[in-house]
Amino acid sequence: MAAIGLPAAAPSAQHDSDVLVVDQVVRRFGDVVAVDRASLSVGAGEIVCLVGPSGCGKTTLLRLVAGLEPPQAGSIRLSGRMVADAGGGLPPEDRGVGLVFQDYALFPHLTVLQNVRFGLARAAPRKQLLRAEAILERVGMAGLAHAYPHTLSGGQQQRVALARALAPEPNVLLMDEPFSGLDLNLRRSVREETLRLLKDAKAATLIVTHDPEEAMHLADRIVLMRQGRIVQTGSPVDLYCRPESAFAAAFFGEVNRLSAKAKGGQVDTPLGLLPAPDLADGEIAEVLVRPEGLSIADASTDPDGVTATIVDAKPIGRWTVAHLVVGGAEGTLQLVMRVPGVRAMNRDTSVAIRTDRSQAFVFRAESR
Ligand code: ATP
């Protein structure tokens, strides 16, 4: 399904500076194709987030890069060196990648310092100690170097796991849902701190998350997966403002969904005419409009506002969320509108609403 009427995002070319290059990798489990010809690259100092719904293959792709799964086709290169293809691959410990798992996987019988030193086993003991102490200082855990993992909070455990992964100064850091064990408030602060540490470390970082907001916050680039395939790669702005499919548009934010028929390069919707230059007359379009793409029209400047009836409206912090009904030739349609600030809106009153076209996406309807 192609985006209609929107400039295409730049293709994700591979560059010589890419530290991690995954090329057409396939991993099957019986009949399930967990990763289907996936290609991606991560440059030095770049943070790439791998996102998608549950079961789309994110963790499997990360495990393929780590060396915990073998690919059945395709290849993986790290720092210019082939580390895996269908013929086999290097074991995880020889790949020079740092790993941070969802559950942090700290050794319970080792102290914080010993956990961090574990990742440095190949260095001389004196060097191990100095490096472990320095990295614990950097993540703010030097004061708890002799504590055991079970005595630490979730946020502290996450920092130790990050320190252990960063201690050997890996070229590539792989993180699987590294913040999902933390409560919402802690998650924000730990995420900020981690972002700062990752940027300092200058490793090529691939982070798996199912949370689109987290990905938009952390990533230089986002890789979106669906059913084993990579369906779009781009900057957070590309994914949010220039989705290439209805799936991508809906994954990165709440949407109102409408169906409409194309005629003369446009679709006629209950919200008015929207451009659809690539659709032939009679083709069915799927139209997605973000709630923040709807607003109350100012009759003096926007005489083309569409009449809607407010079903209910609630201020929720920074936004007022209103449920509306608009009438169309083919019946009524329920919509959600989100406007900034606290706005008084009375139930059962009529308002004129306008649609911000940059927040309305028209796609050829997917054949089912
Ligand atoms: P989640 O966000 O829920 O962790 P995910 O996107 O990381 O999901 P994967 O864990 O990579 O998805 O799984 C992709 C598909 O491969 C799923 O259908 C899963 O059941 C299947 N799968 C993964 N690992 C195995 C395995 N070891 N054996 C059999 N099937 C597997």
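Student: Which element supplies the largest share of the lining of the largest pocket?
Tutor: This is a predicted model in which local features need pLDDT of at least 70 and side-chain atom pairs count only at pLDDT 80 or more, whereas totals for chains, interfaces and linings use all residues. Residues are numbered from 1 along each chain as its sequence is written, and side-chain values use heavy atoms, with hydrogens and water left out. Helices (DSSP runs of H or I, at least four residues) and strands (runs of E, at least two) are numbered from the N terminus, and strand E8 (97-100) and helix H4 (154-166) each supply at least two residues of this lining. The largest share, three residues, comes from E8.

Student: How much space lies in the largest pocket?
Tutor: On a 1 Å grid over the protein atoms alone, a pocket is an open set of points where a 1.4 Å probe fits, with protein on both sides within 12 Å along at least five of seven lines, and lining residues have an atom within 4 Å of a point. Points are joined across faces, edges and corners, and a volume is the space filled by probe spheres set on them. For the largest pocket this space is about 730 Å³.

Student: How many residues of its lining are nonpolar?
Tutor: Ala, Val, Leu, Ile, Met, Phe, Trp, Tyr, Cys and Pro count as nonpolar, Asp, Glu, Lys and Arg as charged, and the others, Gly among them, as polar. In the lining of the largest pocket, three residues are polar and three charged, and the nonpolar residues number 13.

Student: Between which domains does the second largest pocket lie, and why?
Tutor: About 510 Å³ of space lies in this pocket, and of its 18 lining residues, Asp-211, Glu-213, Glu-214, Met-216 and Arg-318 are the closest to its centre. The lining divides into seven nonpolar, two polar and nine charged residues. Domain bounds come from an automatic or database domain assignment. Both domains give residues to the lining of the second largest pocket, so it lies between domain 1 (18-96 + 170-249) and domain 2 (254-364).

Student: Which helix gives the largest share of that lining?
Tutor: Helix H5 (184-201) and helix H6 (212-218) each supply at least two residues of the lining of the second largest pocket. The largest share, five residues, comes from H6.

Student: What distance separates a ligand oxygen from a side-chain N or O atom of Thr-60?
Tutor: A polar contact here is a pair of N or O atoms within 3.5 Å. An oxygen atom of the ligand is 2.6 Å from such a side-chain atom of Ser-54, and a polar side-chain atom of Thr-59 lies 2.9 Å from a ligand oxygen. For Thr-60, the distance is 2.5 Å.

Conventions: Polar contact = N/O pair within 3.5 Å; in protein donor to acceptor, adjacent residues only side chain to side chain.
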